[in-house]
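Reader: I'd like to learn how to read the features of a fold one at a time. Could we go through one together?

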Amino acid sequence: TFPHLLFCVTMAVGQNKRLSKGKKGKGKKAVDAFSKKDWYDIKAPSAFQVRNIGKTLVTRSSGMRVATDFLKGRVVEANLADMNKDEDQNYRKIRLQIMDVQGKSCLCNFYGMDMTTDK
């Protein structure tokens with residue numbers, strides 16, 4: 001009955017911003033953690049018969065994060081029987097600390113020795 005009245009509808013500022021966008025909080029794609037890691041060989045000092053002890057895993061270098069920095073200072077344990085090919089020494093565990101990385105090899109120094117209880 002009042003043709004001279006205009007109806008004006010306005011939205012509040014900042015509302016309904018996500019009308020055309022996707023769902024909220026999709027998140028990142030799932031990436032396999034091991035695809036970003038590299039294997040490095042662990043080398044024992046020359047005092048032991050077997051130089052190649054095993055391998056260790058480290059996250060690949062990216063930007064300012066250098067993989068070799070994460071390897072240096074790690075302490076690894078190995079059985080003396082395996083390192084000297086002498087089964088009489090199987091109750092001794094040798095601890096080695098990674099001091100330097102050359103290529104894909106980690107060079108170690110003696111760090112300590114433990115005894116197991118199963119002599």
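Predicted model: local features only at pLDDT ≥ 70, side-chain atom pairs only at ≥ 80, totals over all residues.

Reader: Where does Met115 sit?

Author: Met115 belongs to strand 5, residues 105–115. Residues are numbered from 1 along each chain as its sequence is written, and side-chain values use heavy atoms, with hydrogens and water left out.

Reader: Is Met115 buried, exposed or partly exposed?

Author: The general idea is a pair of cut-offs: buried means under 20% relative accessible area, exposed means over 50%, and partly exposed lies in between (1.4 Å probe, protein chains only). Met115 has a relative accessible area of 48%, so it counts as partly exposed. For the chain as a whole, 22% of the 119 residues count as buried.

Reader: Which residues form a nonpolar patch on the surface?

Author: A patch takes residues with over 30% relative accessible area and no salt bridge; like charges are joined within 9 Å, and nonpolar side chains (Val, Leu, Ile, Met, Phe, Trp, Tyr) within 5 Å. Here Met115 is grouped with Phe110 and Met113, and together they have about 320 Å² of accessible area. Accessible areas come from the Shrake-Rupley method with a 1.4 Å probe, and for residues only the protein chains shown count as cover.

Reader: Now the sheet. What is the order of its strands?

Author: Strands of a sheet pair through backbone hydrogen bonds, either parallel or antiparallel. Two strands are taken as paired if DSSP finds at least two bridges between them. In this model five strands form an open sheet in the order 2-1-5-4-3, with mixed pairing. Strand 2 (52–59) and strand 3 are at the edges with a single partner strand each, so one side of each has no neighbour in the sheet. On average, neighbouring strands of this sheet are turned by 40° against each other, direction ignored. Such angles run from 0 to 180 degrees between N-to-C directions, with axes fitted as lines to C-alpha atoms, for helices over the stretch in contact.

Reader: How does that order compare with the sequence pattern?

Author: The chain holds two helices and five strands, and along the sequence they follow the pattern β-β-α-β-α-β-β.

Reader: How many bridges pair strand 4 with strand 5?

Author: They pair in the antiparallel sense over 10 bridges, and Arg92 stands opposite Met115 of strand 5. Strands 4 and 5 form a hairpin with two residues between them, and Gly103 in the turn has a positive phi of about 65°. Strand 4 (residues 92–102) is also joined to strand 3 (residues 75–79), antiparallel, by five bridges; there Val75 has Gln97 as its bridge partner. The parallel case is strand 1 (residues 37–43) with strand 5, joined by three bridges; here Asp41 is partnered by Ser105.

Reader: How many salt bridges are found in the whole structure?

Author: A salt bridge is a side-chain nitrogen of Lys or Arg within 4 Å of a carboxyl oxygen of Asp or Glu. The search finds four. In one of them, Lys104 and Asp38 meet at 3.7 Å, N to O. That pair links distant parts of the chain, 66 residues apart: Lys104 is in the loop between strand 4 and strand 5, and Asp38 is in strand 1. Lys104 is partly exposed at 43%, whereas Asp38 is buried at 16%.

Reader: What else does the side chain of Asp38 contact?

Author: It makes a polar contact with the side chain of Arg60 at 3.0 Å. A polar contact is a pair of N or O atoms within 3.5 Å; within protein, one must be able to donate a hydrogen and the other to accept it, and residues adjacent in sequence count only if both atoms are side-chain atoms.

Reader: Which residue forms a salt bridge with Asp41?

Author: Lys55 does, with the closest N and O atoms 2.5 Å apart. Lys55 lies in strand 2 and Asp41 in strand 1, so the pair ties together parts that are 14 residues apart in sequence. Lys55 is exposed at 53%, while Asp41 is buried at 18%.

Technical notes
Helix = DSSP H or I, 4+ residues; strand = E, 2+ residues; numbered from the N terminus.
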